[in-house]
Amino acid sequence: MKITRTETIPIRVPLKPEFAIRSGRGGAHTVSPFLLVKVHTDEGLIGIGEASCTPRWSGEDQVTGAHLIHTYLEPLLVGEDPSEPEELAKKFRLAFAGNYFTKAAVEMALWDIAGKAEGLPLCELLGGKVREFVPTKWSVSGVEPEPAAEIARWAVAQGFKAMKVKVGIEPDGDVARVRAVRDAAGPDIKLGVDANGGWSLAQAVATVKRLGEFQIAFAEQPVSPELPEQLAEVRRAISIPVIADESVFTLRDARVVASLKAADVLSIYVGKAGGIAEAMKIAQFAQTQNLKCTVGSNLELGVGSAAMVHLALASRGVAAEEFPCDIIGPLFYEDDIVREPLTIKPGEARANAKPGLGVELDDEKVERYRVR
């Protein structure tokens, strides 16, 4: 089997208005741009991938992603056998720097082909399941306290047992929001906070201590990702686990955080890491450092979410039972672009027995959301 060409499709999908995300990174997330990728082969098998294209987060967009794929990655792939995705993806490192979400989308499509060729779900290619399903948590937007409480009540009614609240916006407002969510959710819900790097060092330490009365289970990215030494200071100053998210894209970033003892947990993404294999390597490294991992989210659609489910199902380094994952992207949208998506419901995400990622694009919906 040989790769014949790549295809890229830019789409934009709106979030449900009630779930628009406001966070410590500023602004509101109301619509999601993605770049869908198809890798075609001479045997008719087509692999699919998905890149989140949010420049403020990753520095990538649909135009740059498509350009880099067709100009630099496609020439490396055409004529190659796609059955060894990890080996092929090694070529990506020297093709161009960074742009991890773009590289991840192509690598995702290669894994999809490999699974289809073998007749196996992706998690089996990654070593097999270590859990039957992935525990997940809800994310409460950084809105005013009462709307945040309404979201929390909805999440509990749906069946979520864990959630996090977006903070890092303004300390007094952050505290009021968390108080409202705790009151609405009740004492039995695991509750954490996610500042998305929005607090200063002093604000982080002081505000997390103020939040102690609400039985907070973790603090995610309390300070800027550009200052890992400050993340370490926060960890030394507070008594709850610190999750590093924006601080950790690659294995190299994970090594820095580990050397500084700056976190207890690493939030890994297929997109941030540059691919499924690279995300697995971070999880494996974390185990050697007595660090735990969770799987974070950029509100992926059905293709990206499927890759994340398979990653979490196959990785012992992902401590999903203790730190539930954010594989909830499809729940934020009125619509998805896949037929028969994987089972991603409140509190748990599951794979199916279909080969590869286990999902197929719905061409009609792809056309509906295509950017022209």
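Val242 touches Ala219, Pro222, Leu231, Arg235, Ala262, Ala263, Asp264 and Val265, leaving out residues up to four places away in sequence; contact here means heavy atoms within 4.5 Å. This is a predicted model, where local features need pLDDT of at least 70, side-chain atom pairs count only at pLDDT 80 or more, and totals for chains, interfaces and linings use all residues. Residues are numbered from 1 along each chain as its sequence is written, and side-chain values use heavy atoms, without hydrogens and water.

**Val242 and strand E11**

- Val242 lies in strand E11. Helices (H or I, at least four residues) and strands (E, at least two) are DSSP runs, numbered from the N terminus.
- Val242 counts as buried because its relative accessibility is 0%. Buried means under 20% relative accessible area, exposed over 50%, and partly exposed in between (1.4 Å probe, protein chains only).
- Val242 and Asp194 sit 48 residues apart in sequence, and their C-alpha atoms are 9.9 Å apart in space.

**Helix H11**

- Leu251, Ala254, Val257 and Ala258 are the buried residues of helix H11 (residues 251-260).
- These buried residues fall within an arc of 115° seen down the axis of H11, so they line one face of the helix. The arc is taken from the directions from the helix axis to the C-beta atoms.
- An α-helix has 3.6 residues a turn, so residues three or four places apart point the same way.
- Arg252 and Ser259 are exposed on the other side of H11.
- The cover over the buried residues of H11 includes strand E11 (242-244), strand E12 (265-268) and helix H13 (276-288).
- Lys261 follows H11, with a positive phi near 55°.

**Helix pair H13 and H14**

- H13 packs with helix H14 (residues 302-314) at an angle of about 35°, and their axes are 11 Å apart. Axes are lines fitted to C-alpha atoms, for helices over the stretch in contact, and angles run from 0 to 180 degrees between N-to-C directions.
- Ile276, Ala279 and Met280 of H13 meet Ala307, Leu311 and Ala314 of H14.
- The residues of this contact are six nonpolar, no polar and no charged. Nonpolar covers Ala, Val, Leu, Ile, Met, Phe, Trp, Tyr, Cys and Pro; charged covers Asp, Glu, Lys and Arg; the others, Gly among them, are polar.
- His310 is in helix H14. His310 counts as buried, at 0% relative accessibility.
- Leaving aside neighbours within four places in sequence, His310 is in contact with residues including Pro121, Leu122, Cys123 and Leu126. Leu342, Ala351, Gly356 and Leu357 are also among the contacts of His310.

**Helix pair H7 and H8**

- Helix H7 (residues 145-158) packs with helix H8 (residues 171-185) at an angle of about 35°, with axes 8 Å apart.
- The H7 residues in this contact include Ala148, Ala152 and Val156, and those of H8 include Ala176, Ala180 and Ala184.
- By class, the contact of H7 with H8 has 10 nonpolar, no polar and two charged residues.

**Two side-chain polar contacts**

- Asn196 is in the loop between strand E9 (190-194) and helix H9 (201-210). Asn196 counts as buried, at 7% relative accessibility.
- The side chains of Asn196 and Glu246 are joined by a polar contact of 2.9 Å. A polar contact is a pair of N or O atoms within 3.5 Å; within protein, one must be able to donate a hydrogen and the other to accept it, and residues adjacent in sequence count only if both atoms are side-chain atoms.
- His70 lies in helix H2 (residues 62-77). His70 is partly exposed, with a relative accessible area of 30%.
- A polar contact of 2.8 Å joins the side chains of His70 and Thr8.
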